[in-house]
Amino acid sequence: MNDEFKTLVDDQLSALEWKGRHKEAVLEKIRTGEKAPKKVSVAMMVAILLTLALLGAAVAAGFGIFGQFAEKNAAKDLNALEASAPTYADTVAVEPEQAGFPQAKFTLEQAYYDGETIYLSYSFTGGKPQLTFLPGKPTEEQRKAYTSMENMFPGWEARLDEEENKRVRRLVEENGFAYLEAREQFLGDSVSLKNGIRLEQTEGEQDISAEGSAVGYWKFDTPLPESARNQDHLDLVLVMHRSVNCYYITQEGAWVSSKRLGDTALPATVLRNAQAEALTGSGSFEDYGASISLSCSSIEILANVQLTLHEEWMACWQDYENCFETEDFLEGYVLYADGVPCGQISFSAEDLGKSTLGMKMGYEAPEKASVLIMRPKYTQSGEHAEEEIVMKPASPKPSPVF
């Protein structure tokens, strides 16, 4: 695949939807060491567009972006964000430096930053592709620079209006092909600190309207980079991409030639509006050692776990699909707040090398708690209370966790 086109597709589609709410994806992550999935299928894209009615109802009810997606997904953590994240409504307007582009506007709608975790919601307008139907067709020489779009879904197609889609189909039916240029601008998924250090997203979702406007949110990986932790504010830089893409579409397939026109930095400043509490705990047991850190806020509790495993357990994780029904090994943790289990909302795992397994989990935050305990759960024998770890403040404090 043409590298430039692959980059454009990754940038455009990666923000659409990736949720850390389902544990099934852990198998592939363990085998490949990959981050949370970022690609969406055609069916996924269609599902996203069909949910716009739900978002419209949430907008009518006066919800912010977090609240709109909370209504759509019945997500308690997003409801908590809607209640706790201040509204910013800070807009950056990007004028069309090249002919053929409309004005674009990025708006930081809401943000939550507690020194340990950060969440953003946003809107973006001006993303509708500007189409020009070209005469003739590309020459054989020109076609050499085109990339096949087999098994791929062009993000612009879902945002075409009904008349534009009809025209493309009609040209293919009548002439055997459609040849068109699309000037496209869209919000990329790159978010970095002003010093250039990138913040990695762990979850996000985006909905795009037929007019090319978009709303979405991001959650970011923890622990944050050291320079992003416990600051009074964060100066962030997001990116808008612009490109000119020529599409050649026939009954047999579709091909594209892409030219990237450059990126535009979108600055945003987020203030700290809450204070998370950091807890730590560790333990050594017969079959493994565990080191755990928690970041506790009113939104959710985020756990980072590092396990040192013997060879047999590590082999089970690397072949999880064939082992989890027959072998008994540690597969995760249940978080207890004052003796009550907290709902788990996300899970990922990664082979860190040297017989070390990393786990990241998110849990629903209790209204209040004095004692948090991480209790291991095995694939066959369930919870092991004798191996639970009582979490303690990283800096001793007399106050309760919440």
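Which residue in S19 is the bridge partner of Asn-304? In this predicted model, the partner is Lys-360. The pairing belongs to strand S15, residues 300-309, of which eight of 10 are buried. This briefing covers the strand pairings of S15 and then the cysteines.

**Strand S15 and its partners**

- Strand S14, spanning residues 288-296, runs antiparallel to S15 and is joined to it by nine bridges.
- Within this pairing, Ser-295 has Leu-302 of S15 as its bridge partner.
- Three residues lie between S14 and S15, and the two strands form a hairpin.
- Strand S19, made up of residues 356-364, also pairs with S15 in the antiparallel sense, over nine bridges.
- S15 is mostly covered, with eight of its 10 residues buried.
- In a regular strand, side chains alternate between the two faces of the sheet.

- A search of the whole structure returns zero disulfides.
- The cut-off for a disulfide is a sulfur pair within 2.5 Å.
- Cys-342 likewise takes part in no disulfide, and its nearest cysteine sulfur is that of Cys-296.
- Cys-296 has a relative accessibility of 3% and therefore counts as buried, the limit being under 20%.
- Cys-342 has a relative accessible area of 12%, so this residue is buried.

Technical notes: Residues numbered from 1 in each chain as written. Predicted model: local features only at pLDDT ≥ 70, side-chain atom pairs only at ≥ 80, totals over all residues. Heavy atoms only, no water. Buried < 20%, exposed > 50% of the residue type's maximum accessible area, 1.4 Å probe, protein only. Helix = DSSP H or I, 4+ residues; strand = E, 2+ residues; numbered from the N terminus. Pairing = 2+ DSSP bridges.
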